[in-house]
Amino acid sequence: MKVTLHIWRQSRQSTKGDFAQDGRMVRYELDHVSADMSFLEMLDVLNEQLIHKGEEPVAFDHDCREGICGSCGVVIDGVPHGPERGTTTCQLHMRSFKDGAEIWVEPWRAAAFPVVRDLVVDRSSFDRVVQKGAFISVGTGAPQDANAIPVPKHDADRAFDAATCIGCGACVAACKNASAMLFVGAKVSHFMHLPQGRVEREQRARDLVAAMDREGFGNCTNQYECEAACPKEIPVRVIAEMNREFVRAKAVEEPASDKGTGGHG
Amino acid sequence: MNWLIDFWRSSIGGKVIMAITGLLLFGFVVAHLLGNLQLLSGPDKINAYAKMLHDLGPLLWVMRIGLLVVFVLHVATGIRLARANKAARPVAYAKEATIQASFASRSMVLSGLSLLVFVVYHLLHFTLGVTNPGHSALKAAGAGGHDVYAMVTASFSVPAIAIAYMAFQAVLFLHLSHGVQSLAQTLGLNHRRYSPMVRTLAYLLAAAIAGGNAFLPFAVLSGIVKVAS
């Protein structure tokens with residue numbers, strides 16, 4: 001099959017003052033594309049041709065190409081990871097497009113995800129949020145017996161729904177406000193349903209939301225584009241859970257002077 | 001006080017303020033509609049209602065100031081969040097697409113600002129009597145100074161005014177249809193058992209309120225409600 005691609009090309013890293021730099025959409029014609037190629041393989045073929053012509057290949061992120069690592073991800077025709085639901089870009093195949101299709105390929109667009117080059121964005125803002133509390137801070141020691149802490153099936157399922165997040169950033173890219181609330185909600189939800197996570201639930205909710213706000217993500221307006229774009233189909237329920245956890249954590253927060261006193265007398 | 005300011009400035013704090021003030025404003029709109037529907041029962045009923053509200057005296061002012069504070073909070077927080085949202089995406093997509101966001105949800109800022117314009121006009125028209133002083137004069141002239149019936153029917157018998165009021169109800173429908181379901185999600189009420197119901201209820205309530213409000217100018221214009229002689 002034959003496709004016409006419009007790809008965002010940007011040679012310099014985005015800065016706060018100049019986000020787009022020299023970025024622009026460039027048109028490429030590509031013939032002899034197999035319907036069985038993945039979207040990334042199609043880009044590989046394009047890059048081969050560009051290299052043969054002595055041009056710069058298109059930079060894009062990828063790693064496992066099995067849909068589990070969260071590295072890949074481009075916005076295809078305005079939709080992160082392209083037209084198929086619950087699918088990463090690497091698992092999207094060219095059979096999802098018509099022969100002769102015009103395809104727009106852009107990087108995730110968010111202030112918190114500066115473009116490094118072409119389709120590659122810097123997602124370390126996610127890492128900084130995770131570092132603020134999307135973990136359990138206990139000395140775990142030797143592995144515990146698997147069923148030492150009983151977790152009801154329903155809770156385990158809820159936690160696992162959120163734990164499937166691969167941190168790709170499609171939720172931010174899809175959101176009309178570039179909000180990261182599905183990602184951060186997934187972290188909150190992941191831990192709030194487990195007994196090990198409940199110990200630090202208030203601190204976690206406060207710290208994660210504060211970290212998210214610092215990174216310059218937008219605010220959720222409950223349009224649910226994130227849920228539809230998420231390759232792991234994480235539900236917007238996790239955002240409601242985060243809202244609840246955050247309000248609760250704020251309501252029970254102790255004044256700074258009272259922290260860590262370990263009770264009275 | 002720091003924790004309160006932190007909450008206020010946080011993204012979720014801002015959302016919660018939008019949800020709670022939105023809920024209060026929704027309550028006001030319901031009460032406003034129920035009060036005004038008394039127009040259908042004739043001049044005595046609605047004029048007595050107007051006198052009762054007026055006779056509340058200081059309590060009326062407490063309610064008015066409370067409503068104003070809630071309204072200003074809703075508008076100001078909405079503008080603050082909308083600006084932050086705009087800043088969060090410095091470069092727009094060359095190819096924009098929407099997967100499942102409703103038209104109403106995508107036009108909340110625009111519908112909200114339109115309603116702000118409408119509310120200002122509505123107050124200038126009926127409450128302050130600036131745009132049509134003749135209509136307000138009718139109110140002062142009859143029924144012990146509370147002849148709301150004469151004022152409203154005279155106003156809505158002007159086709160341009162009646163049509164403008166009805167058009168803004170369509171905007172109110174849009175705003176409420178997303179707002180009501182959105183505030184439930186923001187306040188953490190999301191459950192597969194009732195969320196689909198909340199969504200349907202939001203459309204029904206929005207339609208009932210906008211429809212009820214729009215019916216009054218329609219009723220006057222079509223002669224169902226007689227203009228005071």
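**Entry 1: ground rules**

I number residues from 1 along each chain as its sequence is written, and chains are lettered from A, with ligands numbered from 1, in the order in which they are written. Since I am reading a predicted model, local features need pLDDT of at least 70, side-chain atom pairs count only at pLDDT 80 or more, and totals for chains, interfaces and linings use all residues, while side-chain values use heavy atoms, with hydrogens and water left out.

**Entry 2: chain A as a whole**

I looked up the elements of chain A and found 9 helices and 7 strands. Helices (H or I, at least four residues) and strands (E, at least two) are DSSP runs, numbered from the N terminus. Along the principal axes, the C-alpha atoms of chain A fill a box of roughly 80 × 45 × 35 Å. Chain A has 265 residues, and 52% of them count as buried. For burial I use relative accessible area: buried is under 20%, exposed is over 50%, and partly exposed is in between (1.4 Å probe, protein chains only).

**Entry 3: the domains of chain A**

How is chain A divided? I noted domain 1 (3-117) and domain 2 (123-138 + 149-256), with bounds from an automatic or database domain assignment. Their centres, taken over C-alpha atoms, are 28 Å apart. Across the two, 20 residues of domain 1 of chain A are in contact with 21 residues of domain 2 of chain A.

**Entry 4: two helices that pack**

Two packed helices are described by the angle between their axes and the distance between the axes. I looked at helix 5 (residues 181-192) and helix 9 (residues 237-251) of chain A, which pack at an angle of about 70° with axes 8 Å apart. The axes are lines fitted to C-alpha atoms, for helices over the stretch in contact, and angles run from 0 to 180 degrees between N-to-C directions. Helix 5 and helix 9 of chain A are therefore roughly perpendicular, a term for angles of 65 to 115 degrees.

Helix 5 of chain A brings residues including A:M181, A:L182, A:V188 and A:M192 to the contact, and helix 9 of chain A brings residues including A:R237, A:I239 and A:E245. By class I wrote down 9 nonpolar, 2 polar and 3 charged residues. Here Ala, Val, Leu, Ile, Met, Phe, Trp, Tyr, Cys and Pro count as nonpolar, Asp, Glu, Lys and Arg as charged, and the others, Gly among them, as polar.

A:A178 is not a glycine, yet has a positive phi of about 50°; its relative accessible area is 0%, so A:A178 is buried. A:Q21 also has a positive phi of about 50° without being a glycine, and sits in the loop between strand 1 (3-9) and strand 2 (24-30) of chain A.

Is A:F160 buried or exposed? I found A:F160 in helix 3 (residues 153-163) of chain A, where it counts as exposed at 55% relative accessibility.

A:D77 lies in the loop between strand 3 (75-76) and strand 4 (79-80) of chain A and is partly exposed at 24%. Apart from neighbours within four places in sequence, A:D77 is in contact with A:F97, A:E102, A:I103, A:W104, B:K95 and B:A97.

**Entry 5: over to chain B**

I counted 10 helices and 0 strands in chain B. Its C-alpha trace spans about 60 × 45 × 40 Å along the principal axes. Of its 229 residues, 40% count as buried. Chain B exposes about 12,200 Å², with 72% supplied by carbon and sulfur atoms.

Within helix 10 (residues 195-221) of chain B I looked up B:A202, which is buried at 0%. Beyond residues up to four places away in sequence, B:A202 touches B:S177, B:V180 and B:Q181.

Methods: Parallel < 35°, antiparallel > 145°, perpendicular 65-115°, else oblique. Contact = heavy atoms within 4.5 Å. Areas by Shrake-Rupley, 256 points an atom, 1.4 Å probe, with all protein chains shown as cover.
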